[in-house]
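Please read these notes with the model open beside you.

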Amino acid sequence: MESGFGTDFGASGGGKLDPGLIMEQVKVQIAVANAQELLQRMTDKCFRKCIGKPGGSLDNSEQKCIAMCMDRYMDAWNTVSRAYNSRLQRERANM
């Protein structure tokens with residue numbers, strides 16, 4: 001997978017590093033890593049919960065279980081994320 005930083009790591013034509021560009025690239029990489037971790041955890045949890053005996057295909061109940069598990073996991077993730085962001089905003093406002 002390509003890192004997205006390119007070969008000059010935020011250097012402009014003059015060879016100087018652009019801290020703003022580097023920071024944006026780091027933020028993007030963190031967001032990608034977080035999304036990958038979320039997907040991996042959700043997959044692991046829902047697989048363990050819903051799949052009794054792995055086979056060549058999923059039966060109807062396994063498909064429904066996985067869909068519901070993933071929906072609940074994403075709902076919980078979004079609720080926690082909103083609460084966390086709200087708390088961060090309150091703490092920043094109180095500084």
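1. Start with Cys-46 and Cys-69, which are joined in a disulfide with their sulfur atoms 2.0 Å apart. The model is a predicted one. A disulfide is a covalent bond between the sulfur atoms of two cysteines.

2. Where do the two cysteines of this pair lie? The link of Cys-46 and Cys-69 is left-handed, with -85° about the S-S bond.

3. Cys-46 counts as buried because its relative accessibility is 2%, under the 20% cut-off. Cys-69 is also buried, at a relative accessible area of 4%.

4. The structure holds two disulfides. In the other link, Cys-50 is joined to Cys-65, with an S to S distance of 2.0 Å. This pair links distant parts of the chain, Cys-50 being in helix H1 and Cys-65 in helix H2, 15 residues apart. The link of Cys-50 and Cys-65 is left-handed, with -70° about the S-S bond.

5. Are Cys-50 and Cys-65 buried or partly exposed? Cys-50 is buried, with a relative accessible area of 9%, whereas Cys-65 counts as partly exposed at 23% relative accessibility. When bonded cysteines are counted along the chain, the disulfides follow the pattern 1-4, 2-3.

6. Next come the salt bridges, and the count is three. One of them pairs Lys-27 with Glu-24, whose closest N and O atoms are 3.8 Å apart; the cut-off is 4 Å. Lys-27 and Glu-24 are three residues apart in helix H1 (residues 19-50), so about one helical turn separates them. Lys-27 is partly exposed at 47% relative accessibility, and Glu-24 is partly exposed with a relative accessible area of 45%.

7. Arg-41 and Glu-37 also meet in a salt bridge through their side chains, at 2.6 Å from N to O. Both residues lie in helix H1, four residues apart, which is about one turn of the helix. Glu-37 is partly exposed, its relative accessible area being 37%.

8. Glu-91 and Arg-87 both lie in helix H2 (residues 60-93), four residues apart, or about one turn of the helix. Glu-91 counts as partly exposed, with 38% relative accessibility.

Methods
Residues are numbered from 1 along each chain as its sequence is written. This is a predicted model: local features need pLDDT of at least 70, side-chain atom pairs count only at pLDDT 80 or more; totals for chains, interfaces and linings use all residues. Side-chain values use heavy atoms; hydrogens and water are left out. Helices (H or I, at least four residues) and strands (E, at least two) are DSSP runs, numbered from the N terminus. Buried means under 20% relative accessible area, exposed over 50%, partly exposed in between (1.4 Å probe, protein chains only). A disulfide is a pair of cysteine sulfur atoms within 2.5 Å.
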